[in-house]
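Colleague: I have a model open and would like to go through it with you. Could you start with the term we shall need for accessibility?

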Amino acid sequence: MSVKLSAYVWDGCAAAGLKISAVAIMARLADFSSDEGLCWPSITTIARQLGAGESTVRTTLGKLEADGWITSTQRRKGNRNTSNMYQLNIAKLRAAAEPSDSDASKSDTSNSDRSKFDASKSNTNTGFHPPESGGDPLVNSKQDPSDNKTSRQPAAQTDAEVDITDQAKQVLNYLNQVTGSRYQVSKSSLDNIRARLREGFTTEEHQLTVDYMHAKWGGDLEMAEYLRPSTLFQPLKFPGYLEGANAWNRAGRPARKNGKWEREGDVAVDAAERDAAYRRFISGVAATKAPSALEKTVCAEASKANIRSMRADFAISQWAKIWKECAQRQQGVKAA
């Protein structure tokens with residue numbers, strides 16, 4: 001929530017002559033926005049919180065965009081559209097909210113003589129309001145406009161934001177537990193989580209995605225660094241991660257044992273043996289002793305897959321995959 005932008009909205013939009021419905025919608029966008037003016041609330045959410053019809057909200061947003069107060073960008077969640085991304089025009093809001101020097105010079109009540117203003121005259125000149133009041137007789141020009149913001153917000157909205165923040169902290173704690181990280185509760189750690197929660201993604205979906213991405217990347221030192229809250233829950237990536245997590249869950253998610261994800265029937269792999277065999281395979285150097293039956297089988301499969309021609313990082317991952325599959329087949333033959 002950006003207090004600065006909310007102050008600009010209440011002063012600037014009213015002063016610019018916007019209808020109260022447009023001002024209210026701009027205020028809700030500002031409440032959802034970062035200080036950079038970016039937010040993603042759905043039309044359904046805005047309509048519910050303001051007690052307005054969705055068609056009214058949609059029409060008003062279109063008018064606000066046409067007049068240059070906002071710009072909108074369509075987003076997608078999987079194969080379907082989701083809430084638009086809105087960018088508030090901060091420069092236009094600031095210009096509308098802050099009076100120019102020429103306006104201030106024309107004011108009959110400058111900072112130096114405001115104390116001399118005759119209260120009895122003010123009763124007969126009800127049309128006068130200081131430039132920064134936006135024409136609202138309830139706003140005192142000496143008062144910071146941001147001080148009025150909290151009194152204008154329904155208590156239920158504050159409660160909703162508190163609830164979202166509590167859920168975001170729960171997700172962050174879960175991420176720390178699963179990955180062994182120590183991310184602190186901060187704006188950078190919570191912002192993307194809160195944004196996804198506002199879009200309607202549940203706490204459980206966040207946690208499932210943490211499990212899936214940790215199972216996928218946790219053992220890879222180069223990829224594990226992407227298990228950060230600012231990266232894992234970013235708007236353009238999270239829907240795809242969640243889609244993969246749901247498929248992974250439907251296929252029968254593995255159990256997590258000693259910090260590793262293992263499906264029932266998985267065999268223990270000797271990483272040292274596997275990696276030494278890979279180096280021999282790539283270099284063509286013969287082993288000092290006869291290779292095991294497992295190594296022979298894996299080498300045959302790897303040759304068919306043409307692993308030697310692959311990029312090094314991909315070749316390593318493919319070798320590990322083939323090694324594990326061959327080890328599982330070998331164990332199944334022995335069990336039989």
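Modeller: A residue is called buried when its relative accessible area is under 20%, exposed when that area is over 50%, and partly exposed in between. Please keep in mind that this is a predicted model.

Colleague: By that rule, is serine 83 buried or exposed?

Modeller: Serine 83 has a relative accessibility of 10%, which is under 20%, so serine 83 counts as buried.

Colleague: Where is serine 83 found, and what does its side chain reach?

Modeller: Serine 83 belongs to strand 3, residues 80–88. Its side chain reaches the backbone oxygen of tryptophan 40, at 2.9 Å.

Colleague: Which residues is serine 83 in contact with, leaving aside neighbours within four places in sequence?

Modeller: With those neighbours set aside, the contacts of serine 83 are Trp40, Pro41, Ser42, Arg75 and Glu199.

Colleague: Let us step back to the whole protein. How many helices and strands are there?

Modeller: The secondary structure comprises 17 helices and 5 strands. The protein has 336 residues, of which 35% count as buried. Among contacts between residues at least 6 apart in sequence, 64% join residues at least 24 apart.

Colleague: Now helix packing. How are two packed helices described?

Modeller: One gives the angle between their axes and the distance between those axes.

Colleague: What are those values for helix 1 and helix 5?

Modeller: The axes of helix 1 (residues 3–15) and helix 5 (residues 90–97) come within 7 Å and cross at roughly 65°. The crossing is left-handed. On the helix 1 side the contact is made by Leu5, Tyr8, Val9, Asp11, Gly12, Cys13 and Ala15. Helix 5 contributes Ile90, Leu93, Arg94, Ala96 and Ala97.

Colleague: How many nonpolar, polar and charged residues does that contact have?

Modeller: The contact of helix 1 with helix 5 has 9 nonpolar residues, 1 polar residue and 2 charged residues.

Colleague: And what is the angle between helix 2 and helix 3?

Modeller: Helix 2 and helix 3 (residues 43–50) pack at an angle of about 115°, and their axes are 11 Å apart. Their crossing is right-handed. Ala24, Ile25, Arg28, Leu29 and Phe32 of helix 2 make the contact with Thr45, Ile46, Gln49 and Leu50 of helix 3. By class, the residues of this contact divide into 6 nonpolar, 2 polar and 1 charged.

Colleague: Which residues of helix 3 are buried?

Modeller: In helix 3 the buried residues are Ile43, Thr45, Ile46 and Ala47. Just after helix 3, glycine 51 takes a positive phi of about 70°.

Colleague: Arginine 28 was in that helix contact. Which side chain does it meet in a salt bridge?

Modeller: Arginine 28 meets aspartate 31 in a salt bridge, with an N to O distance of 2.4 Å. Both residues lie in helix 2 (residues 20–32), 3 residues apart, which is about one turn of the helix.

Colleague: Why do aspartate 31 and arginine 28 count as buried?

Modeller: Aspartate 31 counts as buried because its relative accessible area of 4% is under 20%. Arginine 28 is buried too, because its value of 7% is under 20%.

Colleague: How many salt bridges does the count come to?

Modeller: The count comes to 9 salt bridges. Lys187, Asp191 and Arg194 are linked in a network of salt bridges.

Colleague: What about arginine 280 and glutamate 295?

Modeller: Arginine 280 forms a salt bridge with glutamate 295, and the closest N and O atoms are 2.9 Å apart. Arginine 280 lies in helix 15 (residues 271–283) and glutamate 295 in helix 16 (residues 293–304), so the pair ties together parts that are 15 residues apart in sequence. Arginine 280 is partly exposed at 25% relative accessibility, whereas glutamate 295 is buried at 7%.

Colleague: Which residue does glutamate 301 meet in a salt bridge?

Modeller: The side chain of glutamate 301 meets that of arginine 329 at 4.0 Å, N to O. This pair links distant parts of the chain, with glutamate 301 in helix 16 and arginine 329 in helix 17 (residues 312–335), 28 residues apart. Arginine 329 is partly exposed, with a relative accessible area of 45%, and glutamate 301 is partly exposed at 29%.

How values were computed. Residues are numbered from 1 along each chain as its sequence is written. This is a predicted model: local features need pLDDT of at least 70, side-chain atom pairs count only at pLDDT 80 or more; totals for chains, interfaces and linings use all residues. Side-chain values use heavy atoms; hydrogens and water are left out. Axes are lines fitted to C-alpha atoms, for helices over the stretch in contact, and angles run from 0 to 180 degrees between N-to-C directions. Helices (H or I, at least four residues) and strands (E, at least two) are DSSP runs, numbered from the N terminus. A crossing is left-handed if the near helix is turned anticlockwise from the far one by less than a right angle, and right-handed if clockwise. Contact means heavy atoms within 4.5 Å. Ala, Val, Leu, Ile, Met, Phe, Trp, Tyr, Cys and Pro count as nonpolar, Asp, Glu, Lys and Arg as charged, and the others, Gly among them, as polar. Buried means under 20% relative accessible area, exposed over 50%, partly exposed in between (1.4 Å probe, protein chains only). A polar contact is a pair of N or O atoms within 3.5 Å; within protein, one must be able to donate a hydrogen and the other to accept it, and residues adjacent in sequence count only if both atoms are side-chain atoms.
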